[in-house]
Amino acid sequence: MGSDLGLAGKIGDAVKNAPAGKGKGQIDANAPRGVFGIPGAPQVNYMLAILWATWVGWIFSTVGAFGGVMAGVGHMSVYGLGDYARTFKDTVPALNRTLTDSIRTSNQWLVGLSSILSVINYFKSKRLSWPLGLALGAGSIVGAFSAASLSGGKVSFSQYQGWFGFFVLVVAGFLFYETTPRGQASKKAAKAAAQAFEQTVKEKGDVCALGVCAKDWGITKSTFTFFGSEFSFNPIWAFFGGVVIAAISAFIGVGGGFLYVPYLTTFVGLPMYIVAGTSALAVFISMVTSITTYIQLAGAGMDWGLVGIQLIGVFVGSMIGPRTQKYIPDIWLKRLFIVLALYVGIGYFTKGFFGQAWVPM
Amino acid sequence: MAEIFDAIFISLYRLTGNPLWDYFIGTFLLALLSVLVGQGTAFLVLSANRNHLENLDSRFATLSRLTASAMEMGDMQSYKSLNKEANDAYGQVFFNRFGLSAASLWPVFFALAWMQEHFAHILIPIPFLDSKANYFVIFLGSYIMARIFFSRARRHFVDHPGQSAESSTVLNAR
């Protein structure tokens, strides 16, 4: 082209090197501008974007998970950004890669936003464990920055799609386990034990709430009291947990709450009272780090209008969700998402890594 | 429609005649407008979903309190079970909050889209600092200031003692 056509950042640089023309992998300077302001790029139908985002918001508010995956599917497949990025694989690989970064960053905006208001609320109600938050947050910064700076501008859309598909298959595995007789039995047992304990507390009277209180700070062992009981954790493990989870989240372009919460409750053994606020803080720190790195270092372009349109759909969906939830049993919702996750996971994994989707898409 | 919004937003950037001051004042006013519209829609979502959100919050709060009680009593079996239950409840609370975040923040992205269209290539010198910033950084700083300003103004003008309970519920839920 020889000109960036007024486009800022890496997208402008890549467009400058693109061959002019109307064919695949070419840029037609006279074509109407589409997504990210690129002439000839897909024109996202805003009504379709609102409808898809409504579906994402509905999933967020009913299932309490899987919304980030569906947001990614929207960017890659429904709005046609993935197929468009793929056309530049051979003609302008740099444009293919920078569009991949833009897709990842768009996913993170949508998913990571969920953490902002939660952090403010938990901060106000003093439900953040600062030693844990700092260890996890420091790890999140290192992990998110490393993943975004090392992979920004270097990952082709096909590679990204393949890894995204792999991640979705792992999510499907977790969801599937929860619906198996073993998973259901464990859930029922937990529910029964919780109800039995609730009854005991009713009879004995509630325990006075003292909240979280930091006691000792150390590199290998930090201690805090939680409702009077002493609790300790290894900050080094929290730090490395933050590094790994934030790196995966930044690479895939998701928030990471799905990974932080089970890590802190199952592996570190912390109570949800603390995990809720602390994981929201870690997601927020990781999101800010990776988005800033993708935009500043990797030069990822953003289509802000598209994010705004999707947020409208998300809040519409989150208003519909609670009104429809009572008509659909939780287990059937999970089964529906297992089928969807398997379909999307297999499709993306095979299309990304083998060039051909094993399911129609 | 786009032309009307364009004309309104541009007028926010022509208040003093000094280009630098106009840029900062206009961006602050644009951010304040985003805060006002966002808070309005967040209030609508909160009003529509209040019962649902309160039930979720209450369930999560109960489970958190019971988890604490189990630990206080040294009942680790119940502690683990309750923690698992609280984990599920938290997932619901967290993602329902996303609806509120989306309702509150969507205007920000339209404001950024408008600024990107008009100021993408301009770097603005930061007063008292030897550095320059793009439209995103200036808008982000302005938005944080606008939210603080809005929050203080609401506390001063709206949250008087007669309405404190209702207002603090809304405030906490956001």
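What share of the 174 residues in chain B is buried? I looked this up first. Buried residues make up 36% of chain B. I keep in mind that this is a predicted model.

**Chain B, fold**

I read off the secondary structure next. Chain B holds five helices and two strands. Along the sequence I get the pattern α-α-α-β-β-α-α.

**Chain B, dimensions**

I checked the radius of gyration and found 22 Å for chain B. A compact globule of 174 residues would come out near 16 Å. I then took the spans of the C-alpha trace along the principal axes: about 70 × 40 × 35 Å.

I also went through the contacts of chain B with a separation of 6 or more. Residues 24 or more positions apart account for 60% of them.

**Chain A, fold**

I turned to chain A and noted 13 helices and three strands. Of its 361 residues, 54% count as buried. I looked at contacts between residues at least 6 apart in sequence, and 73% of these join residues at least 24 apart.

**Chain A, confidence**

Where in chain A is confidence lowest, and where is it highest? I find the lowest in strand β1, residues 212–216 of chain A, with a mean of 68. The highest is in helix α4, residues 81–86 of chain A, at 92. Over the chain as a whole, pLDDT averages 82, and 88% of the residues score at least 70.

I marked residues 206–210 of chain A, where pLDDT stays under 50. For this stretch the model has 11 contacts beyond four places in sequence.

Definitions and conventions:
Residues are numbered from 1 along each chain as its sequence is written. Chains are lettered from A and ligands numbered from 1 in the order in which they are written. This is a predicted model: local features need pLDDT of at least 70, side-chain atom pairs count only at pLDDT 80 or more; totals for chains, interfaces and linings use all residues. pLDDT is the predictor's confidence in each residue, from 0 to 100. Helices (H or I, at least four residues) and strands (E, at least two) are DSSP runs, numbered from the N terminus. Two residues are in contact if their C-beta atoms, placed from the backbone, lie within 7 Å. The radius of gyration is taken over C-alpha atoms; the globule rule is 2.2 Å times the number of residues to the power 0.38. A residue is buried if 20 or more other C-beta atoms lie within 10 Å of its own, exposed if 12 or fewer, and partly exposed in between; C-beta atoms are placed from the backbone.
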